[in-house]
Amino acid sequence: MRLNQNTLLLGKKVVLVPYTSEHVPRYHEWMKSEELQRLTASEPLTLEQEYAMQCSWREDADKCTFIVLDAEKWQAQPVPTEESCMAGDVNLFLTDVEDPTLGEIEVMIAEPSCRGQGFGTEAALLMMSYGVTKLGLTKFEAKIGQGNEPSIRMFQKLHFKQVAVSSIFQEVTFRLTMSEAERQWLLEQTSHVEEKPYRGGSTEPH
Ligand SMILES: CC(C)(COP(=O)(O)OP(=O)(O)OC[C@H]1O[C@@H](n2cnc3c(N)ncnc32)[C@H](O)[C@@H]1OP(=O)(O)O)[C@@H](O)C(=O)NCCC(=O)NCCS
């Protein structure tokens with residue numbers, strides 16, 4: 001989505017930056033993992049296909065993608081490359097043409113060493129806050145593989161409730177409708193977040 005091309009969201013543990021060609025090689029390496037393919041219901045792509053995908057995501061009006069960087073690594077001196085700080089990604093899809101206020105959210109913390117430290121939670125919160133305040137979303141959905149306990153628990157802790165089970169796809173659908181109370185909760189959870197212009201790359205000091 002073009003809207004987020006110049007946006008950087010700085011949280012406590014993670015930094016969200018737009019998905020650029022600089023991130024493609026490491027992203028492609030991650031997605032060779034059969035476990036990640038299974039957990040994210042993704043097909044393996046060649047490196048060329050991944051570059052094409054990165055371009056198309058950038059143009060797609062119905063998809064918003066950020067790469068999740070490890071904030072501690074990213075803030076180190078001397079300034080590291082973004083590629084070396086990559087932890088995962090977070091996506092929003094506008095899945096219902098009839099209802100542009102519904103966003104499907106996906107979170108992946110691909111680096112095993114980055115898991116279990118609150119990165120996934122903060123990345124999801126930052127993205128939801130972006131969705132509510134910038135994209136006008138009022139409902140979120142997450143489709144999760146039935147056996148994916150870490151992801152199910154994470155979305156439950158983020159106030160999502162199970163609304164459907166598909167035995168065909170072996171997935172559960174979780175939903176969160178942003179009532180005024182949920183909106184206040186989300187804005188409180190993300191009150192520390194700083195939005196900055198994204199310049200791309202990391203050769204300049206932050
Ligand atoms: C699911 C995933 C995004 C969680 O991200 P994370 O940064 O590791 O999770 P967090 O540290 O923010 O943990 C949030 C909550 O998730 C749950 N959780 C995380 N890892 C867990 C694990 N290994 N087992 C059980 N619950 C777990 C816990 O409830 C945790 O809260 P707590 O620490 O207060 O108990 C990450 O493990 C991942 O990307 N896995 C592979 C890809 C995937 O499954 N993506 C989801 C597709 S829908």
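Predicted model: local features only at pLDDT ≥ 70, side-chain atom pairs only at ≥ 80, totals over all residues.

Visitor: What does UniProt place at residues 14-161?
Guide: The unreviewed UniProt entry puts the feature "domain: N-acetyltransferase" there.

Visitor: How much helix and strand is in residues 14-161?
Guide: That stretch is 37% helix and 25% strand. Its end C-alpha atoms are 25 Å apart.

Visitor: On to the ligand. Which residues come nearest?
Guide: There are 19 residues around the ligand. Ile 109, Gly 118, Thr 121, Asn 148 and Lys 157 come nearest.

Visitor: What does the side chain of Thr 121 do there?
Guide: A polar side-chain atom of Thr 121 is 2.5 Å from an oxygen atom of the ligand.

Visitor: And which backbone atoms lie by the ligand?
Guide: Val 107 has a polar backbone atom 3.0 Å from a nitrogen atom of the ligand. For Gln 117, a backbone N or O atom is 3.1 Å from a ligand oxygen atom.

Visitor: How much of the ligand does the protein cover?
Guide: On its own, the ligand has 920 Å² of accessible area. The protein covers 75% of that.

Visitor: Which elements give two or more residues to the shell?
Guide: Those are α2 (34-39), β5 (102-109), α5 (119-134) and α6 (149-157).

Visitor: Which gives the most?
Guide: α6 does, with 5 residues.

Visitor: How do the shell residues divide by type?
Guide: The shell has 8 nonpolar, 7 polar and 4 charged residues.

Visitor: New topic: strand β3. Is it buried or exposed?
Guide: Buried. 8 of the 8 residues of β3 (residues 63-70) are buried, so the strand is largely enclosed by the rest of the structure.

Visitor: Where do side chains point in a strand?
Guide: In a regular strand they alternate between the two faces of the sheet.

Visitor: So which β3 residues sit on each side?
Guide: Lys 63, Thr 65, Ile 67 and Leu 69 are on one side. Cys 64, Phe 66, Val 68 and Asp 70 are on the other. Both faces are covered, and all of these residues are buried.

Visitor: How many bridges join β2 to β3?
Guide: 5 bridges, with β2 (residues 14-18) running antiparallel to β3. In one of the pairs, Leu 16 has Val 68 of β3 as its bridge partner.

Visitor: And how do β3 and β4 pair?
Guide: β4 (residues 86-93) pairs with β3 over 7 bridges, in the antiparallel sense. There, Phe 93 in β4 stands opposite Lys 63.

Terms used: Residues numbered from 1 in each chain as written. Heavy atoms only, no water. UniProt positions renumbered as here; feature names shortened; annotations may be inferred. Helix = DSSP H or I, 4+ residues; strand = E, 2+ residues; numbered from the N terminus. Near = heavy atom within 4 Å. Polar contact = N/O pair within 3.5 Å; in protein donor to acceptor, adjacent residues only side chain to side chain. Areas by Shrake-Rupley, 256 points an atom, 1.4 Å probe, with all protein chains shown as cover. Nonpolar A, V, L, I, M, F, W, Y, C, P; charged D, E, K, R; others polar. Buried < 20%, exposed > 50% of the residue type's maximum accessible area, 1.4 Å probe, protein only. Pairing = 2+ DSSP bridges.
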